[in-house]
Amino acid sequence: RDLAYDSMEEKIFAVKSALKLWDTLFYDGNYLFYSGTVRGLWITLAGCYTEVGEYDLAADALKKAYEILRYSENLEPTEQHYTSLFQNILTHIPGDCAKTYTISERELFVSHLTQEAFEPLKENARYEQLVRECTIHNA
């Protein structure tokens, strides 16, 4: 859901604050079950940056989302343990959760990359490289 903000700067501040909270709880980047949520925040931040013309920051945010995707894709399909001091008694089994969509996480990410909102990034070399990398690994 998209919440109403008084300005794009306020929305950027809110998303960055949410990411800081996630990074406080999972300071080692081991998001496991929550990787989709955190990845979604990075994609949202990229959309905000694109809207205000900060294309390099948008490309950086999408790259971070892609790194989280790659990490979650490489997890073994067995019970995984959270390693953060705050969450280390919890476990997660990749793939053992309900989804409201039928495509893969990577296909979903690629569909985000090709949304009209990111059209202005098509001239950004880092964005183009990210799209190529995602497409190659998606084949």
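Colleague: Is Tyr-71 buried, exposed or partly exposed, and at what relative accessible area?
Modeller: Tyr-71 lies in helix α3. Buried means under 20% relative accessible area, exposed over 50%, partly exposed in between (1.4 Å probe, protein chains only). Tyr-71 is therefore partly exposed, with a relative accessible area of 37%.

Colleague: What pLDDT do side-chain atom pairs need to count here?
Modeller: Residues are numbered from 1 along each chain as its sequence is written, and side-chain values use heavy atoms, with hydrogens and water left out. This is a predicted model: totals for chains, interfaces and linings use all residues, local features need pLDDT of at least 70, and side-chain atom pairs count only at pLDDT 80 or more.

Colleague: Which residues does Tyr-71 contact, leaving aside neighbours within four places in sequence?
Modeller: The C-alpha atoms of Tyr-71 and Leu-32 are separated by 8.9 Å, though the two are 39 residues apart along the chain. Contact means heavy atoms within 4.5 Å. Beyond four places in sequence, Tyr-71 is in contact with Gly-29 and Asn-30.

Colleague: In what order do the elements of the chain run?
Modeller: Helices (H or I, at least four residues) and strands (E, at least two) are DSSP runs, numbered from the N terminus. The chain has 5 helices and 2 strands. From the N terminus on, the order is α-α-α-β-β-α-α.

Colleague: At what angle do α3 and α4 pack?
Modeller: Helix α3 covers residues 55-73 and helix α4 residues 105-113, with their axes 10 Å apart. Axes are lines fitted to C-alpha atoms, for helices over the stretch in contact, and angles run from 0 to 180 degrees between N-to-C directions. The packing angle is about 170°.

Colleague: Which term describes α3 relative to α4?
Modeller: Angles under 35 degrees count as roughly parallel, over 145 as roughly antiparallel, 65 to 115 as roughly perpendicular and the rest as oblique. The angle of α3 to α4 is about 170°. So α3 and α4 are roughly antiparallel.

Colleague: How many charged residues are in the contact of α3 with α4?
Modeller: Helix α3 brings Leu-62, Ala-65, Tyr-66, Leu-69, Arg-70 and Glu-73, and α4 brings Glu-105, Arg-106, Phe-109 and Leu-113. Asp, Glu, Lys and Arg count as charged; Ala, Val, Leu, Ile, Met, Phe, Trp, Tyr, Cys and Pro as nonpolar; the others, Gly among them, as polar. The contact has 6 nonpolar and no polar residues, and the charged ones number 4.

Colleague: Is Ala-58 buried or exposed, and at what relative accessibility?
Modeller: Ala-58 has its place in helix α3. Leaving aside neighbours within four places in sequence, Ala-58 is in contact with Ala-46, Tyr-49, Thr-50 and Leu-121. Ala-58 counts as buried because its relative accessibility is 0%.

Colleague: How far apart in space are Met-8 and Cys-48, C-alpha to C-alpha?
Modeller: Met-8 is found in helix α1 (residues 8-25) and is buried, with a relative accessible area of 18%. Not counting residues up to four places away in sequence, Met-8 touches Cys-48, Glu-51 and Val-52. Met-8 and Cys-48 are 40 residues apart in sequence, yet their C-alpha distance is 6.7 Å.

Colleague: What is the angle between the planes of Trp-22 and Tyr-34?
Modeller: Rings of Phe, Tyr and Trp (its six-membered ring) pair if their centres lie within 6.5 Å; planes under 30 degrees apart count as stacked, over 60 as edge-to-face and the rest as tilted. By this rule there are 4 aromatic pairs. Trp-22 and Tyr-34 form a tilted one, 5.2 Å centre to centre, with an angle between the planes of 40°.
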